[in-house]
Amino acid sequence: MQSNAALEYDYSVAKLFTYTTILFGFLGMLIGTLIAAQLAFPELNYLLGEYGTFSRLRPLHTNIVIYGFTLSGIWATFYYSAQRVLKVSMAESKFIMFMGKFHFWLYFVGALIAVVTLLMGISQAKEYAQFEWPIDIVVVVIWVSWGIAMFGLIGIRREKALYISMWYYIACFLGIAMLYLFNNMSVPTYFASGGLGSILHSVSMYSGTNDALVQWWFGHNAVAFGFTVPIVAMIYYFLPKESGQAVYSYKLSLLSFWGLMFVYLWAGSHHVLWSTVPDWMQTMGSVFSVVLILPSWGSAINMLLTMKGEWNQLTENPLIKFMVLASTFYMLSTLEGPIQAIKSVNAIAHFTDWIPGHVHDGVLGWVVFMIMAALFHMAPRMFKREIYSKKMMEAQFWLQTTAVVLYFTSMWIAGITQGMMWRAVDEYGNLMYSFIDTVTVLHPYYAIRALAGVMYLTGFIMFAYNMFKTMTSSKELTEEPQFRSPMA
Amino acid sequence: MFHWLEKNPFFFAVGVFVVIAFAGLIEILPNFAEASRPVQGLRPYTVLELAGKEVYKKDNCIACHSQLIRPFKAETDRYGQYSLSGEYAYDRPFQWGSKRTGPDLHRVGNYRTTDWHENHMWDPTSVVPGSIMPAYKHMFTNIADLETAYAEAVTVKNIFNTPYGDDIQPGKEAWEKYKAKVLEEAKKIAADMKNQDVKDAVARGEVPEIVALIAYLNSLGDSRYAAAK
């Protein structure tokens with residue numbers, strides 16, 4: 001069935017997305033570090049006039065890291081690995097190649113427009129779904145063009161059975177499509193009012209509690225299908241490839257995949273505990289969040305056991321270090337999430353800095369580490385040069401790991417401190433602290449978090465520099481490395 | 001079965017879709033009719049308040065402020081009666097938020113005044129020493145987009161049956177006629193403010209963002225329950 005002649009894979013689209021991963025990663029983390037510093041030192045709010053306040057920049061940070069950095073990373077790895085697991089080259093079909101390039105350029109232009117509109121304050125003010133309706137339409141076209149490229153490649157594949165990574169990429173595609181469409185249903189007011197006011201403005205099809213339900217069904221699962229599912233796709237491909245080890249258990253992969261698909265969606269309502277959403281739904285959200293530990297840990301343990309008997313690679317190869325640590329942070333984060341979804345814990349944790357703390361041990365420790373490791377693995381194969389510097393990669397690893405630990409520990413302490421202070425009462429049953437007391441007390445933690453941001457950003461700049469040197473001036477390779485990536 | 005699915009991408013995709021769509025159907029659909037009913041006596045936002053809500057959205061106040069008072073004594077002591085579902089019936093989109101870097105605002109209209117907001121938005125530390133909130137001085141000069149707010153009122157009236165009066169109608173003409181009412185309301189807010197530039201702008205027929213925002217903030221709380229108060 002398969003020909004033995006080596007296929008010449010075409011990485012032109014994967015390369016384009018690699019560049020934007022680095023660009024948006026830098027931008028998103030730069031803004032993130034700035035807004036973290038603003039909470040510790042409020043004077044920093046006035047650097048860019050009306051456009052530089054914490055409130056205006058925060059959606060810019062979240063959107064750039066989610067829809068800029070992470071999506072670029074997902075697509076860079078997709079256009080690289082899908083060809084390989086399907087045993088088909090992008091170059092074999094002019095149409096698929098066109099769709100891939102169209103996908104990239106529309107995405108890039110769309111991303112730039114999105115950045116400008118967010119800076120201008122054009123926003124639906126739904127968290128992680130700020131874009132107004134015209135951008136939503138562009139997003140849909142971008143998404144569909146990815147779908148066409150993906151199912152096109154699948155259509156002409158030589159390897160009949162889909163590898164595990166492909167399951168996750170398909171799920172990412174379907175999940176986000178469903179969530180994004182339903183959450184962004186809105187009516188443009190210009191057309192419904194006989195041509196009055198701004199053409200960009202729209203009003204949500206859902207109101208109040210319903211809007212909240214749909215929004216958090218979306219918000220939670222955008223994390224699921226954007227920050228979890230495609231990242232798992234990456235680790236299932238890149239860890240075995242880099243280590244030369246076969247995936248530990250096929251059955252565990254199956255259980256984790258279908259388990260994750262079924263359980264994840266239910267857990268969305270843990271974002272609206274103690275709200276006006278019906279009690280039974282809140283309880284469902286709690287229960288399913290706890291059940292979610294099973295499939296999440298299933299994947300993570302499957303990955304860690306893939307390294308069984310080969311743990312020496314951890315000391316020899318910094319790329320393996322990145323991936324194993326990513327998997328470990330995934331376990332931490334997917335244990336922490338369910339704990340916060342228990343109603344009594346949530347009563348303290350919700351609305352505090354523990355939540356951004358949780359998000360960031362997940363994204364900084366798991367998502368970003370995994371994406372950087374994947375790009376490091378791809379670079380020698382795409383650019384036919386060895387990785388520029390192993391030393392720099394080691395230094396980057398330790399710098400960023402320290403940064404993540406500083407970030408989440410400071411936010412854990414800040415969150416629990418504030419949550420306890422909000423409810424503290426004196427001997428007569430009166431509230432002990434005014435709100436501002438519970439803000440000023442956080443200053444040292446905000447300062448530590450800002451420092452962690454600077455460290456993490458520095459690490460990312462080292463990554464970008466290392467990648468740039470790898471692309472341009474590192475030693476050339478004569479043949480493709482089979483497993484371990486060569487590095488100087 | 002799984003081996004078969006892995007070789008048949010179409011059915012694989014269908015399978016995944018069914019499995020992930022299941023939870024949404026069961027959790028979200030049954031609640032829709034029930035939760036969208038307003039509490040008794042609740043009036044929708046005025047056009048000026050809607051314009052203020054746009055300012056709230058534009059400067060993304062939701063990044064630091066919630067509008068959801070949870071049913072705990074510590075919260076009701078601090079912010080007032082815990083929030084009810086029907087109070088949000090006219091909120092499109094909802095603005096519950098997910099982070100309180102600053103305090104909850106769901107009933108801020110009950111205990112803060114126009115004057116307080118004016119000072120606070122100009123320089124937060126002047127009324128709350130130690131505040132880390134930035135000043136929003138640009139709201140005193142930027143002009144609010146009243147026409148878009150009116151367009152929103154028309155839209156929700158015609159499409160979602162939000163109970164606005166008969167004078168809210170589509171088209172430029174209806175808006176030109178209605179505008180006087182909005183300005184009247186803005187003048188009342190401006191009368192309680194001290195910034196002369198803002199007063200002058202409102203007198204000219206241009207409403208600075210700060211006036212609309214204060215109208216919105218004042219509407220958060222009991223003033224929207226005509227029947228109750």
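How many helices and strands are there in chain B? I looked and found 11 helices and 0 strands. I took helices (H or I, at least four residues) and strands (E, at least two) as DSSP runs, numbered from the N terminus. Read along the sequence, the pattern of chain B is α-α-α-α-α-α-α-α-α-α-α.

I noted that this is a predicted model, where local features need pLDDT of at least 70 and side-chain atom pairs count only at pLDDT 80 or more, while totals for chains, interfaces and linings use all residues. Residues are numbered from 1 along each chain as its sequence is written, and chains are lettered from A and ligands numbered from 1 in the order in which they are written.

**Chain B, overall**

I looked up the extent of the C-alpha trace: about 75 × 50 × 35 Å along its principal axes. Of the 229 residues, 48% are buried (20 or more other C-beta atoms within 10 Å of the residue's own, with C-beta atoms placed from the backbone). I then checked contacts (C-beta atoms, placed from the backbone, within 7 Å). Among those with a separation of 6 or more, 73% join residues 24 or more positions apart. The domain assignment gives domain 1 (2-35) and domain 2 (47-224). Their C-alpha centres lie 40 Å apart.

**Chain A against chain B**

I found 71 residues of chain A in contact with 73 residues of chain B. Helix α7 (residues 208-243) gives the most to the chain A side, with 8 residues. That side has 39 nonpolar, 24 polar and 8 charged residues. Here Ala, Val, Leu, Ile, Met, Phe, Trp, Tyr, Cys and Pro count as nonpolar, Asp, Glu, Lys and Arg as charged, and the others, Gly among them, as polar.

**α10 of chain A and its partners**

How do the axes of α8(A) and α10(A) cross, and within what distance do they come? Helix α8 (residues 250-264) and helix α10 (residues 293-306) of chain A cross at roughly 150°, with axes within 8 Å. The two are therefore roughly antiparallel (angles over 145 degrees). The crossing is left-handed. I listed the contact residues, including G259(A) of α8(A) and G298(A) of α10(A). By class, this contact has 6 nonpolar, 7 polar and no charged residues.

Next I looked at α10(A) with helix α12 (residues 318-340) of chain A: axes within 9 Å, crossing at roughly 165°. That makes α10(A) roughly antiparallel to α12(A). This crossing is left-handed. W297(A) and M303(A) are among the α10(A) residues here, and Y330(A) and M331(A) among those of α12(A).

Key: Axes are lines fitted to C-alpha atoms, for helices over the stretch in contact, and angles run from 0 to 180 degrees between N-to-C directions. Angles under 35 degrees count as roughly parallel, over 145 as roughly antiparallel, 65 to 115 as roughly perpendicular and the rest as oblique. A crossing is left-handed if the near helix is turned anticlockwise from the far one by less than a right angle, and right-handed if clockwise. Two residues are in contact if their C-beta atoms, placed from the backbone, lie within 7 Å. A residue is buried if 20 or more other C-beta atoms lie within 10 Å of its own, exposed if 12 or fewer, and partly exposed in between; C-beta atoms are placed from the backbone. Domain bounds come from an automatic or database domain assignment.
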